[in-house]
Amino acid sequence: AQERYASLRGKPATALCGTRITLKMNAGLMADLPSLRSSGAEAVGLFRTELQFLIRDKMPKRAELVANYTRVLDAAHGKKVYFRTLDIGSDKVTPYMKRPDEPNPAMGWRALRVGLDKPGVLRMQLQALIRAAAGRPLSVMFPLVAQASEFDRARDVLMRELDRERRLGHVLPEKVEIGTMLETPSLAYAPDSFFKAVDFISIGGNDLKQFFFAADRENELVRRRYDTLNLSFLTFLQHIVDRCHVAGTDLSFCGEDAGRPLDALAFAGIGIQALSMRPASVGPVKSLIRRANLNEVSEIIARTKARGLENARPALLDYVASLP
Ligand code: PEP
Ligand code: MG
């Protein structure tokens with residue numbers, strides 16, 4: 001199978017119906033970057049910047065961040081890197097950033113909430129990203145945005161830093177794309193103006209699913225209880241697809257489920273045309289998408305829903321088993 005995936009490396013993930021799905025990879029450390037070439041991923045769809053903070057024992061300095069992000073962009077050789085700003089808190093904690101004791105950290109003071117309340121580290125990080133991009137395009141994505149005004153405020157922080165860097169005489173990025181993760185159900189019901197204001201949305205399925213089903217992603221007792229292909233969840237994802245479609249918003253999915261071929265196929269079937277996953281999943285996902293017809297996938301999902309079934313997985317498994 002490894003060889004078969006290697007032979008697909010330079011080929012697009014185009015389904016039999018002609019729809020082309022963009023496959024990107026998730027990363028977080030410099031060591032992940034070589035996979036961009038070997039996996040055949042078209043971009044780094046999610047760069048988890050907190051990983052570089054988590055492996056250290058003290059707060060990095062801005063100059064170190066500039067050096068890190070520069071190396072990441074150099075290693076990407078012109079492929080896009082979507083830098084997600086710090087997502088500290090919940091399951092990700094550093095010894096050197098003081099955190100309150102919280103009864104429910106996943107729903108607590110984490111990610112952009114910290115960045116907006118105490119913007120020092122977020123600003124340093126944005127300055128470093130701007131300097132690293134210097135003349136190249138920059139894509140910035142904010143984590144755990146739960147309402148439109150949080151995105152507006154985060155974007156304002158970035159715009160102010162761009163202005164400051166310009167006044168300091170630094171070369172600005174060639175262009176800046178500002179987008180958000182969609183990880184809370186609330187954001188799927190934000191006003192139309194929000195969908196138009198963002199440059200892109202990436203569905204963080206790991207968090208979105210835990211909040212949708214109220215099932216802690218870290219808790220072994222419940223984390224596998226609710227299936228991604230449960231039709232309630234797929235219907236909800238479809239709602240997000242429809243809203244992005246109407247507003248013309250660029251949409252992708254970057255949770256772990258995007259790397260599971262059958263789940264990826266279902267996402268593509270409901271109209272999510274970009275998926276970001278761990279590098280090793282790019283081959284298997286591409287292989288399945290190229291063998292499938294997304295119109296048929298879409299019909300199967302619609303039919304299982306019309307029949308009142310709870311889950312589309314059995315029908316999709318049958319479909320995949322029937323493929324030549
Ligand atoms: C997610 O929540 O799906 C996601 C991609 O972010 P993380 O797993 O880092 O929380
Ligand atoms: Mg998340």
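Axes are lines fitted to C-alpha atoms, for helices over the stretch in contact, with angles running from 0 to 180 degrees between N-to-C directions.

The model is predicted: local features need pLDDT of at least 70, side-chain atom pairs count only at pLDDT 80 or more, and totals for chains, interfaces and linings use all residues. Residues are numbered from 1 along each chain as its sequence is written, while chains are lettered from A and ligands numbered from 1 in the order in which they are written. Mean pLDDT (the predictor's confidence in each residue, from 0 to 100) is 97 for the protein chain, with 100% of its residues at 70 or more. The ipTM is 0.99 and the pTM 0.97.

Helices (H or I, at least four residues) and strands (E, at least two) are DSSP runs, numbered from the N terminus. The axes of H11 (residues 261–269) and H12 (residues 279–291) cross at roughly 50° and come within 9 Å. The two helices are therefore oblique to each other. Pro261, Ala264, Leu265 and Ala268 of H11 meet Pro284, Val285, Leu288 and Ile289 of H12, contact meaning C-beta atoms, placed from the backbone, within 7 Å.

Around ligand 1 stand residues including Arg48, Asp87, Glu183, Asn206 and Asp207, counted if the C-beta atom, placed from the backbone, lies within 6 Å. Strand S3 (44–48) and helix H9 (205–213) are the elements giving two or more residues to this shell. H9 supplies the largest share, three residues.

Conventions:
Angles under 35 degrees count as roughly parallel, over 145 as roughly antiparallel, 65 to 115 as roughly perpendicular and the rest as oblique. Two residues are in contact if their C-beta atoms, placed from the backbone, lie within 7 Å.
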